[in-house]
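Welcome! Take a moment with the sequence and the 3D view below, and then we can walk through the charged side chains together.

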Amino acid sequence: FQASLASLGVSMGIQLLFVYGQYVKVGWSRVLREWFPVFIGFKPAVDAYRVATGVKQEAGQNIDVMQEMTFIKCIEMFAEAIPGVLIQLMAIATLGKDENGD
């Protein structure tokens, strides 16, 4: 449980830093507004909606919405999904073993 929580925390932390870097030149109100979907786990859906509706890159943003979605997906994969699989595999591998290793 602690390892899963840690990987989720690392994923959210990296996403928050990425969103800060993307929107800091636009203003703090926009940074805070973009942090909210990260906190509730809704950022991928927000990004997918922006890509599907063709939202254009704003002045002050470093990258466009398609690249933003790609970076967020990569962050989720390497900081949350892959560690989650490894944690589950370790749990399965140690399932049924008692303290003596039998």
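Glu34 has 2% relative accessibility, so it counts as buried, a word used here for under 20% relative accessible area, with exposed meaning over 50% and partly exposed in between (1.4 Å probe, protein chains only). This is a predicted model, in which local features need pLDDT of at least 70 and side-chain atom pairs count only at pLDDT 80 or more, while totals for chains, interfaces and linings use all residues. Residues are numbered from 1 along each chain as its sequence is written, and side-chain values use heavy atoms, leaving out hydrogens and water.

Which residue forms a salt bridge with Glu34 at 3.0 Å? That partner is Arg30, where a salt bridge is a side-chain nitrogen of Lys or Arg within 4 Å of a carboxyl oxygen of Asp or Glu. Arg30 is buried too.

Lys43 counts as buried because its relative accessibility is 0%.

Lys43 in turn forms a salt bridge with Asp47, with 3.0 Å between the closest N and O atoms. Both residues belong to helix H3 (residues 43-53), 4 residues apart, about one turn of the helix. Asp47 is buried as well.

## The linked network

How many salt bridges does the rule give? The count is 6. A network of salt bridges links Arg30, Glu34, Lys43, Asp47, Arg50, Glu58 and Glu68.

Conventions
Helices (H or I, at least four residues) and strands (E, at least two) are DSSP runs, numbered from the N terminus.
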